[in-house]
Amino acid sequence: MQYRPNSTLNPNQHRPVLSELSARSRDIFRTIVEAYVETGEPVGSRTLSRRLGQMTGGQLSPATIRNVMADLEELGLLFAPHTSAGRLPTDLGLRLFVDGLMETGGLTEDDRASIDVQCAATGRSLPEVLDQATLMLSGLSRCAGMVMAPKSDRPLKHIEFVHLAPGRALVVMVTEGGMVENRIIDVPLGLPSSALIEATNYLTTRLAGRTLGMGRDQILVELESERAALDALAKQVVEAGLASWSKEDNSGALIVRGQAHLLEDVTGIGDLERLRSLFAALETKEQLLKLVEAAEVADGVQIYIGAENDLFGLAGCSAVISPYRDSQRRLIGAIGVIGPSRINYARIIPMVDYTAKVIGRILG
């Protein structure tokens, strides 16, 4: 597994590197971050002294630790939320920890089995698989799960229109790999079944073995030039199908589940207001889609921490996102989680990475 650091912090800001920290400073800094991830609370010098003593068998005095903490604060890696309080890592500090000090282990067998079972595609359409994968990631990570559903760029084997209710029809699309996508479209009231059959035959003939993008232009030309051998109602069905695909093909569909998990870290009205702003931004999806699209062209898992991104900085959140690919290594979409900045990166990074690989295997 690999991930690439991602940061949009002020480029003029000095960013400390591990070589600037002594072994003692690294130990103290790592312990502060690990305690923060565990409790979410500021860490004081006496607590650090006890923790370090248990870990190393040695003993550093609280005064010595306070001096090191002051140096780390000067470097921008720590801050004190209140006077005389302990210290918390800054977003810059969390970035340094994730990039250089964190040890990522493998998933437990239970986590792997849970991901494999809940992502199984048997009897389910691709959107259902992705929705379940998002819920699963949300549950295992106690964060909000998100997934970018793939764009409709896989060759089709069959397409069919099925009557649902007056003015509504279901479009069933089967790819050559056997994946099924269902979409609901609006159709004229009183539409006879013969028009749906005619539209089915027309599109299957022109799209079999081709992607929607490849066949759509040809179909539009035929419809506009009146060369399509379709009656008026069947033509409206085809146009409705093309319109629904045009809305989704540019960016794919974004699924976000488990936003309620983000409320578990709320400690005051200010935190709640910041989360409301984040929820509003997630509803518009535009900024999140940009992050997901950036992950699609990246190599490995992408990690966005707090102020590194405008979307998460105000709410004090972080995101871990990984692209998923098919068997030909084509980029299809991305999956990940959004959580508080103190998420357990060491556990969640391999979890997101493994889930992306499972989805890639399902896509074939």
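**Exercise 1.** Which helix holds both Lys357 and Asp353, and how many residues apart are they?

*Solution.* Let's start with location, keeping in mind that this is a predicted model. Both Lys357 and Asp353 sit in helix α13, 4 residues apart, which is about one turn of the helix. Helix α13 covers residues 345-363. Next, look at the side chains: Lys357 and Asp353 form a salt bridge, with 2.9 Å from N to O. Finally, check accessibility. Asp353 is buried because its relative accessible area is 9% and the cut-off is under 20%. Lys357, at 44%, counts as partly exposed.

**Exercise 2.** Which parts of the chain does the pair Asp111 and Arg347 link?

*Solution.* First, the contact: Asp111 and Arg347 form a salt bridge whose closest N and O atoms are 3.2 Å apart. This pair links distant parts of the chain, with Asp111 in helix α5 (residues 109-118) and Arg347 in helix α13, 236 residues apart. Then compare burial: Asp111 is buried at 10% relative accessibility, whereas Arg347 is partly exposed at 31%.

**Exercise 3.** How many salt bridges does the structure hold?

*Solution.* The structure holds 9 salt bridges, including the one between Asp111 and Arg347.

Technical notes:
Residues numbered from 1 in each chain as written. Predicted model: local features only at pLDDT ≥ 70, side-chain atom pairs only at ≥ 80, totals over all residues. Heavy atoms only, no water. Helix = DSSP H or I, 4+ residues; strand = E, 2+ residues; numbered from the N terminus. Salt bridge = Lys/Arg side-chain N within 4 Å of Asp/Glu carboxyl O. Buried < 20%, exposed > 50% of the residue type's maximum accessible area, 1.4 Å probe, protein only.
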